[in-house]
Amino acid sequence: MPIPASILQFLQQPYSLTPGQIDYYQENRYIKLKQVLNEETLQFFNTAISERVDTMNTVTASLDERNTYGKAFLQLFNLWREDEVVRELIFSKRLAKIATDLLQTKGVRMYHDQALFKEGGGGITPWHADQYYWPLETDKTITAWMPLQATPLKLGPLEFSAGSHEILEGRELEIGDESETLIQQRLRVTDFKHIIEPFDAGEISFHSGWVFHRAGANTTDKMRKVMTIIYMDKDMKLKAPENKNQVNDWNTWCPGAIIGEVINSPLNPVLYEYN
Ligand SMILES: O=C(O)CCC(=O)C(=O)O
C-alpha cells in the first residue's frame with residue numbers, strides 16, 4: 001500500500017506548541033493536543049495499523065477467559081519493525097518533535113511502540129505508572145497515545161491523574177486488580193485532578209512515565225484502536241534493573257545496552273534531534 005505524497009509531506013510538518021502548552025505538560029505531566037493528525041492521515045493509518053494488528057495478533061481466548069490485564073486490550077509491539085508503511089508514522093518528525101519539545105530535551109529516541117486495541121466489551125485498563133517497567137535512569141520519557149478514531153467515553157479513552165508523578169506510593173505496582181484498587185484509594189485522598197475526556201479524531205495525548213493513568217471499559221461492540229509510541233531522551237542511560245519486568249524490558253527493547261551508558265542499540269534510533 002503506497003503512502004500518498006500528501007501524507008508523507010504532512011508527517012514532516014512541525015506542529016506548533018505554545019510555551020503555555022509546554023508549561024502545562026511540565027506541571028501536569030500529560031497533555032492532550034488537538035489536530036495533530038489530519039483526517040486523511042488518520043484514515044490511512046487506521047487501515048494500515050488494523051491490518052498489521054490482525055496479522056500479528058495471536059490471542060484467541062475469549063474475553064471472559066482472560067485476566068484483567070488480558071481483558072484490557074490486544075497488545076502488539078514494535079510494529080515499526082514489521083511494517084515499513086506504519087514505520088513512516090512511528091518515525092515521523094511531526095510526532096517526535098512534539099515529544100522532544102514537551103520533554104525539553106535536545107532530541108528523543110525510540111524505546112518501543114505498541115498497538116493497544118481495546119475490543120468491544122473489553123475491560124478497564126487499571127491505574128498504573130509505566131516507568132515501573134522500564135530500566136531507565138531519568139524521568140525523561142514520554143508516550144504518544146494516538147487513537148485511530150474519535151474516542152468517546154464509551155470506547156474507553158485514556159484518563160490521567162494530572163500532576164500525580166509526585167506521588168511515590170503505587171509506583172511499584174504491576175498493572176492489575178491490585179494497582180487499580182490501591183492507586184485509586186491513594187488518589188482519592190489527594191487534590192490531583194482526574195481527567196476523563198473524550199478524544200476528537202486527530203487528537204493525541206502525551207504522558208510521562210511516572211504519571212498515573214488508566215482507561216475505562218469499552219462498552220460498545222466496536223474496537224477502540226490506539227497506536228502508541230514511547231520515546232525517551234536521546235541521552236537516556238540504562239540503569240541497573242530493579243525488578244524482573246525491567247530485566248525483561250532491557251532484553252527486549254534495548255538488548256546489549258550497558259548499565260550506566262547511553263542506550264543506543266539498533267532498536268533505539270534517534271527520531272528527532274536539534275542541531
Ligand atoms: O490504552 C490503554 O488503555 C492504556 C494505555 C497506557 O497505559 C499507556 O499507553 O501507557
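The largest pocket of this predicted model has a volume of about 500 Å³. A pocket here is an open set of points on a 1 Å grid over the protein atoms alone, where a 1.4 Å probe fits, with protein on both sides within 12 Å along at least five of seven lines. The volume is the space filled by probe spheres set on those points, which are joined across faces, edges and corners.

The pocket is lined by 27 residues, each with an atom within 4 Å of a point. Closest to the centre are Tyr 69, Gln 75, Phe 77, Gln 114 and Ile 175. Several elements give two or more residues to this lining, among them β3 (107-117), β5 (141-147) and β10 (226-233). The largest share, 5 residues, comes from α8. Helices (H or I, at least four residues) and strands (E, at least two) are DSSP runs, numbered from the N terminus. By class, the lining holds 12 nonpolar, 12 polar and 3 charged residues. Ala, Val, Leu, Ile, Met, Phe, Trp, Tyr, Cys and Pro count as nonpolar; Asp, Glu, Lys and Arg are charged; the others, Gly among them, are polar.

Now the ligand. It sits in the largest pocket, meaning that more than half of its atoms lie within 2 Å of the pocket's grid points. Around the ligand are 13 residues, each with a heavy atom within 4 Å. Thr 125, His 128, Trp 145, His 213 and Arg 224 come nearest. β4, β5 and β9 each supply at least two residues of this shell. The shell has 5 nonpolar, 6 polar and 2 charged residues.

Arg 224 places a polar side-chain atom 2.8 Å from one. For His 213 the distance is 3.0 Å. For Asp 130 it is 3.1 Å. The protein covers 95% of the 290 Å² of accessible area that the ligand has on its own, by the Shrake-Rupley method with a 1.4 Å probe.

Residues are numbered from 1 along each chain as its sequence is written. Local features need pLDDT of at least 70, side-chain atom pairs count only at pLDDT 80 or more, and totals for chains, interfaces and linings use all residues, while side-chain values use heavy atoms, without hydrogens and water.

Technical notes
Polar contact = N/O pair within 3.5 Å; in protein donor to acceptor, adjacent residues only side chain to side chain.
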